[in-house]
Amino acid sequence: MPSGSIVTLARSPGKGAGLGVAVRQADYDQPDSLAAALRGVGTLLLISSNEIGRRTIQHRNVINAAKEAEVRRIVYTSLLHADSSPLSLAEEHRETELALAASSIPCTILQNGWYSENYTGLIPVARARGAWLGCAGEGRVSSAARAGYADAAVAVLTGAGHEGKVYELAGDDSWTLRDLAAEISRQTGKTIPCRDLTEASSAAALVGEGFPEALAKALASFDAAAAKDALFDDRRQLSRLIGRPTTPRSVSMTQTLRNAA
């Protein structure tokens, strides 16, 4: 797809000046800006907002504006197993998927699993404390690198036959927090055990290390959901979409450690 046919929407267009594509001002909280920005857009990639608690209304603003602008197709980044997930994040994704269905605009839903970076970003914390703390028990996580999910979106945006499809996207391999701690130990040469806590104790430990209370409770709740295999999927739809195996967590970990060196 030539860059001249791509339009990016941004609240602050100046921040996208170096992307090499057209940038239009738009804000999920300003419906009028959305309608104008989407004029002439054929296919829209709707990336879920990062404002948890406001996602549903923000996404509906985009969907309504897309309908007004006569957008022909929407691709939405949702959550793995959104229809049944116990994760607190799932409800707003379910509501958005319902809004998309009600819009009558042809859609493709990318139900993204967990990013490996959600864990690799916490490696410095684990190294500093000398252990990986969590409450996921023996729950398995099928994570993949962010780049893999991005490639899946590109494949759907540029390919044919994806309308009406829901893709459950996750990494090819799954692992437990004990496996993660063992890999950190192997790569760093420092023994990092995994300590399985209760959800409340896990949140309290994060607060004690300086995490905001709301974030600490959210992270602990995600672990607790992972204990129920909320982040597990073995269908390998992601690797089929992108035409290659997903990046192993060990490789993502190596990249994180190299960047931190």
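Me: What does alanine 153 touch, not counting residues up to four places away in sequence?

Reply: Alanine 153 touches Leu45 and Leu110, where contact means heavy atoms within 4.5 Å. This is a predicted model: local features need pLDDT of at least 70, side-chain atom pairs count only at pLDDT 80 or more, and totals for chains, interfaces and linings use all residues. Residues are numbered from 1 along each chain as its sequence is written, and side-chain values use heavy atoms, with hydrogens and water left out.

Me: Where is alanine 153 found, and is it buried or exposed?

Reply: Alanine 153 is in helix H6, residues 146-158. Helices (H or I, at least four residues) and strands (E, at least two) are DSSP runs, numbered from the N terminus. With a relative accessible area of 8%, alanine 153 is buried. Buried means under 20% relative accessible area, exposed over 50%, and partly exposed in between (1.4 Å probe, protein chains only).

Me: How many Å separate the C-alpha atoms of alanine 153 and glutamate 209?

Reply: The separation is 36 Å, for two residues 56 apart along the chain.

Me: On to the cores. Which residues touch the most other members in the largest nonpolar core?

Reply: Leu87, Trp114, Tyr119, Trp132, Leu177 and Leu180 do, out of 26 residues in that core. A nonpolar core is a set of buried Ala, Val, Leu, Ile, Met, Phe, Trp, Tyr and Cys residues joined through side-chain atoms within 4.5 Å.

Me: Which helices each supply at least two residues of this core?

Reply: Helix H5 (123-129), helix H7 (177-188), helix H9 (213-226) and helix H11 (249-260). H7 gives the largest share, four residues. A second, separate core has 21 residues, including Leu34, Ala37, Ala65 and Ala99.

Me: And tryptophan 132, what is it in contact with, leaving aside neighbours within four places in sequence?

Reply: The contacts of tryptophan 132 include Tyr119, Leu122, Ile123 and Ala126, as well as Leu177, Leu180, Ala181 and Ile184. Cys194 is also among them.

Me: Changing topic: at what angle do H8 and H9 pack?

Reply: Helix H8 (residues 199-208) and H9 pack at about 145°, with axes 8 Å apart. Axes are lines fitted to C-alpha atoms, for helices over the stretch in contact, and angles run from 0 to 180 degrees between N-to-C directions.

Me: Which residues of H8 make the contact?

Reply: Glu199, Ser202, Ala203, Leu206 and Val207 of H8 do, and the residues of H9 include Glu213, Ala216 and Lys217.

Me: Last one. What is phi of histidine 81?

Reply: Near 50°, a positive value in a residue other than glycine. Histidine 81 is in the loop between strand S4 (73-79) and helix H3 (90-103), and it is buried, with a relative accessible area of 15%. Arginine 236 also has a positive phi, near 55°; this arginine lies in the loop between H9 and helix H10 (237-242) and counts as partly exposed at 40% relative accessibility.
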